[in-house]
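Me: I should like to learn how to read features of a protein model from the atoms. Could we take salt bridges, disulfides and a helix in turn?

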Amino acid sequence: MARPRQAPQLLLAILVALVAIAYQERKKTFISVQEVPASEAFVVTTLEYVTSEFNQESDDKYNFRIVRVLKVKKLVTDHMEYHVNFEMRRTTCPRLEANNCSFQEGELYKQIECFYSVFVVPWFEKYKILRKNCTNG
């Protein structure tokens, strides 16, 4: 049995252990992290979502479209998270139009490189952009 002077130390040790366990529970631990092809079904729908969101938020007079996907990483827990690097180019389609758009050339040519981190629950068609960063290419 613990001596009376050791009781506060024991209680402190138990408290520290409980705080550490609670912290570990809140941390996001991924079951799987892997690079996946851009042709994977959920990646395609995620990229469509990202493109749509980008064009809605953009102040540009023209829509952008993905030219090339550079890298896709899939992280899995109770949901999926995609980390996507890609290149986009300005199209000839004005903002309200999006069908059969070719890419701008000449003085209106613009290419950007983007990184997006997207929270995805595909079976509920739920998407949320966690982080994004685009730079002129």
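Predicted model: local features only at pLDDT ≥ 70, side-chain atom pairs only at ≥ 80, totals over all residues.

Me: Which residue forms a salt bridge with D60, and how far apart are the closest N and O atoms?

Reply: In general, side chains of opposite charge can pair when their charged atoms come close. The term salt bridge is used here for a side-chain nitrogen of Lys or Arg within 4 Å of a carboxyl oxygen of Asp or Glu. D60 pairs in this way with R90, with 2.7 Å between the closest N and O atoms. The bridge connects distant parts of the chain: D60 lies in the loop between α2 and β2, R90 in strand β3, and 30 residues separate them. Helices (H or I, at least four residues) and strands (E, at least two) are DSSP runs, numbered from the N terminus.

Me: Are D60 and R90 buried or exposed?

Reply: The scale is relative accessible area: buried means under 20%, exposed over 50%, and partly exposed in between (1.4 Å probe, protein chains only). Both D60 and R90 are buried.

Me: How many salt bridges does a search of the whole structure find?

Reply: The search finds five. Among them is the pair R68 and E87, at 2.9 Å from N to O. This pair also links distant parts of the chain, with R68 in strand β2 and E87 in strand β3, 19 residues apart. R68 is partly exposed because its relative accessible area is 45%, whereas E87, at 11%, counts as buried.

Another of the salt bridges brings E105 and R89 together, again at 2.9 Å from N to O. Here E105 sits in the loop between β3 and β4 and R89 in strand β3, 16 residues apart. E105 has a relative accessible area of 54% and is therefore exposed; R89, at 13%, is buried.

Me: How many disulfides are counted, and how are the bonded cysteines paired in sequence order?

Reply: A disulfide is a pair of cysteine sulfur atoms within 2.5 Å. The count is two disulfides, and the pairing in sequence order is 1-2, 3-4. C93 is joined to C101, with an S to S distance of 1.8 Å; this link is left-handed, at -105° about the S-S bond. C93 is buried at 2% relative accessible area, and C101 is buried at 9%.

The other disulfide joins C114 to C134, with S to S at 2.1 Å, and is right-handed at 115°. Its cysteines lie in distant parts of the chain, C114 in strand β4 (residues 111-121) and C134 in strand β5 (residues 126-136), 20 residues apart. C114 is buried at 2%, while C134 counts as partly exposed at 30%.

Me: What span should helix α2 have, and which of its residues are buried?

Reply: An α-helix has 3.6 residues a turn, so residues three or four places apart point the same way. The buried residues of α2 are V43, T46, L47, V50, T51, E53, F54 and N55. Their cover includes β2 (62-76), β3 (80-94), β4 and β5, where contact means heavy atoms within 4.5 Å.

Key. Residues numbered from 1 in each chain as written. Heavy atoms only, no water.
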